[in-house]
Amino acid sequence: MQSVFLLSTSQFIAESHSEESKLKNLLKQQFNINSRRTSRLALLSLLGALSIEKINAHCGVYVTSIFSSPSNMYELEMDIFQRKTPRPFNFINSINNAISFYVADALKVNGPNLFISTDICNWSQILLPAITDLQQGVVDQALVGWCYESRRYDEYSKEGSFWLLLTRHPDTSALASLTIANKPCQGDVSNQPIMTHANYFYDYVLKTFDLNSQLNCDVISVDLILNKLLLIKKLPLHKH
């Protein structure tokens, strides 16, 4: 099947439960964005996504997380339980695809905008619609993001977002090619074991696309869904 190409990656990983005001100030200082009414999850997403360069206006935005912002949902539910009228922006930010809207708006892109919920075991599924849209010519670029805000009770010491910029056209600066293969799944999310004590929920995504650390492997295989397998092939610049 037709390959697509990885142009760049970006990430923002912070200590869990750090002061939200610091995230807002950082977003203002680095990208001149006033984020007074956005959720914590949106802040973490924007701080990761806005470092990506060379994005065209019709780039699609494909975002995944477990759910919408936990802290925002807590405030919304407390208002409801106390029989208060929910605050308008808490209600708006409770919608899952609010994250992808904020990212697309900040980047001024008008391509397809999609959010799907994933867990550790199916983190790769967001790549399927992104790559499919690229292969069918719906978009020339796809920005794919994994975003995570720590919950009050989880074990992770880090939170943040990780992003890939994919293109349908070969590029001399591309880091890798990505191809969907029609092969039986291998029963695991990739060719390495799942980390059960990671510091960050989507830590495995970071390690899969850290091509410089994959010293002895030029092709990385990742299960997508059913009989779809994603092959990530490092291009010559990033081969060991």
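Reader: In what sense do E7 and E8 pair, and over how many bridges?

Author: Please bear in mind that this is a predicted model. In it, E7 and strand E8 (residues 228–234) are paired in the antiparallel sense, over five bridges. Within E8, Leu229 is the residue that Asp223 stands opposite.

Reader: What is the strand order of the open sheet?

Author: The order is E3-E2-E4-E5-E1-E6-E8-E7, an open sheet of eight strands with mixed pairing. Strand E3 (113–117) and strand E7 (219–223) are the edge strands, each pairing on one side only. On average, neighbouring strands of this sheet are turned by 25° against each other, direction ignored.

Reader: And what holds such strands together in general?

Author: Strands of a sheet pair through backbone hydrogen bonds, in either a parallel or an antiparallel arrangement.

Reader: Turning to E5, how many of its residues are buried?

Author: Nine of the ten residues of strand E5 (residues 158–167) are buried, so the strand is mostly covered. E5 pairs with E1 in the antiparallel sense over ten bridges, and Gln11 stands opposite Phe162 in E5. Strand E4 (residues 141–148) also runs antiparallel to E5, joined to it by eight bridges. Val144 stands opposite Leu164 in E5.

Reader: Which strands does H5 touch?

Author: H5 packs on the sheet and touches E2, E3, E4 and E5, with its direction at about 150° to that of E3. In helix H5 (residues 98–107), the buried residues are Ala98, Ile99, Ser100, Tyr102, Val103 and Ala104. Lys108 follows H5 and has a positive phi, near 60°.

Reader: Where does H6 lie?

Author: Helix H6 (residues 127–135) lies across E1, E2, E3, E4, E5, strand E6 (176–182) and E8. It runs at about 170° to E4.

Reader: Let us change topic. At what angle do the axes of H1 and H2 cross?

Author: The axes of helix H1 (residues 20–31) and helix H2 (residues 40–49) cross at roughly 35° and come within 10 Å. This crossing is left-handed. On the H1 side the contact is made by Glu20, Leu23, Lys24, Leu26, Leu27 and Phe31, and on the H2 side by Arg40, Leu43, Leu44, Leu46 and Leu47.

Reader: How does that contact divide by class?

Author: The contact of H1 with H2 has eight nonpolar residues, three charged residues and no polar ones.

Reader: Why does Asn32 count as exposed?

Author: Asn32 counts as exposed because its relative accessible area is 58%, and the cut-off for exposed is over 50%.

Reader: Finally, is Ser65 buried or exposed?

Author: Ser65 is buried, because its relative accessibility is 3%, and buried means under 20%. Ser65 is found in strand E2 (residues 60–65).

Reader: What lies 2.7 Å from a polar atom of its side chain?

Author: The backbone oxygen of Cys147 lies at that distance from the Ser65 side-chain atom. Apart from neighbours within four places in sequence, Ser65 is in contact with Leu41, Phe115, Ile116, Ser117, Thr118, Cys147, Tyr148 and Tyr202.

Notes: Residues numbered from 1 in each chain as written. Predicted model: local features only at pLDDT ≥ 70, side-chain atom pairs only at ≥ 80, totals over all residues. Heavy atoms only, no water. Helix = DSSP H or I, 4+ residues; strand = E, 2+ residues; numbered from the N terminus. Buried < 20%, exposed > 50% of the residue type's maximum accessible area, 1.4 Å probe, protein only. Polar contact = N/O pair within 3.5 Å; in protein donor to acceptor, adjacent residues only side chain to side chain. Contact = heavy atoms within 4.5 Å. Axes fitted to C-alpha atoms, helices over the stretch in contact; angles between N-to-C directions. Left-handed = near helix turned anticlockwise from the far one by under 90°. Nonpolar A, V, L, I, M, F, W, Y, C, P; charged D, E, K, R; others polar. Pairing = 2+ DSSP bridges.
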